[in-house]
Amino acid sequence: MATTPLGDQASVWTIADDGTGVMASEMGDQVVDGIVVDGNDVSFIVEVDAGGQFLRLSFSGVIEGDSMSGAFASDFGDFAVTGTRQ
């Protein structure tokens with residue numbers, strides 16, 4: 001769950017061993033490249049189509065067991081993120 005200026009946004013992230021993935025949400029599927037997992041730390045950059053305006057978001061977070069927390073950094077400030085492995 002990402003807490004954004006537009007409210008909470010739910011999404012499902014699929015992360016592959018090769019550093020690629022997909023972030024699926026009501027706004028559609030966003031391809032994610034350059035995923036870096038270092039120990040419990042995870043980071044990546046994704047461009048999101050927000051109604052015709054593309055936003056470049058940089059994610060940085062920590063995985064603890066089956067939970068994750070972190071934030072997307074953007075030109076509009078940071079968006080808090082929490083998640084649970086499915």
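Biologist: Two strands pair if DSSP finds at least two bridges between them. With that settled, which residue in E5 is the bridge partner of serine 25?

Modeller: Please bear in mind that this is a predicted model. In E5, serine 25 has glycine 28 as its bridge partner.

Biologist: In what sense do E4 and E5 pair, and over how many bridges?

Modeller: Strand E4, residues 21-25, and strand E5, residues 28-38, pair in the antiparallel sense, with five bridges.

Biologist: Staying with E5, is glutamine 30 buried or exposed?

Modeller: Glutamine 30, found in strand E5, counts as buried because its relative accessibility is 10%, and the cut-off for buried is under 20%.

Biologist: What is glutamine 30 in contact with, leaving aside its neighbours in sequence?

Modeller: Setting aside neighbours within four places in sequence, glutamine 30 is in contact with Gly21, Val22, Met23, Val46, Glu47, Val48 and Asp49.

Biologist: New topic: how many aromatic pairs does the structure hold?

Modeller: There are six aromatic pairs in the structure. In one of them, the ring centres of phenylalanine 44 and phenylalanine 72 are 6.1 Å apart and the planes stand at 75 degrees, so this pair is edge-to-face. The pair links distant parts of the chain, with phenylalanine 44 in strand E6 and phenylalanine 72 in strand E8 (residues 67-74), 28 residues apart.

Biologist: Are phenylalanine 44 and phenylalanine 72 buried or exposed?

Modeller: Both phenylalanine 44 and phenylalanine 72 are buried. They also belong to a cluster in which ring pairs link Trp13, Phe44, Phe59 and Phe72.

Biologist: Now the charged residues. How many salt bridges are there?

Modeller: The count comes to two salt bridges. One joins glutamate 47 to arginine 56, whose closest N and O atoms are 3.8 Å apart. Here glutamate 47 is partly exposed, at a relative accessible area of 44%, whereas arginine 56 is exposed, at 54%.

Biologist: What is the N to O distance between aspartate 66 and arginine 85?

Modeller: The side chains of aspartate 66 and arginine 85 meet in a salt bridge at 3.0 Å, N to O. This pair links distant parts of the chain: aspartate 66 sits in the loop between strand E7 (53-64) and E8, and arginine 85 in the segment after strand E9 (77-84), 19 residues apart.

Biologist: Why does arginine 85 count as exposed?

Modeller: Arginine 85 counts as exposed because its relative accessibility is 54%, and exposed means over 50%. Aspartate 66, with a relative accessible area of 48%, is partly exposed.

How values were computed: Residues numbered from 1 in each chain as written. Predicted model: local features only at pLDDT ≥ 70, side-chain atom pairs only at ≥ 80, totals over all residues. Heavy atoms only, no water. Helix = DSSP H or I, 4+ residues; strand = E, 2+ residues; numbered from the N terminus. Phe/Tyr/Trp six-rings, centres within 6.5 Å; stacked < 30°, edge-to-face > 60°. Buried < 20%, exposed > 50% of the residue type's maximum accessible area, 1.4 Å probe, protein only. Salt bridge = Lys/Arg side-chain N within 4 Å of Asp/Glu carboxyl O. Contact = heavy atoms within 4.5 Å.
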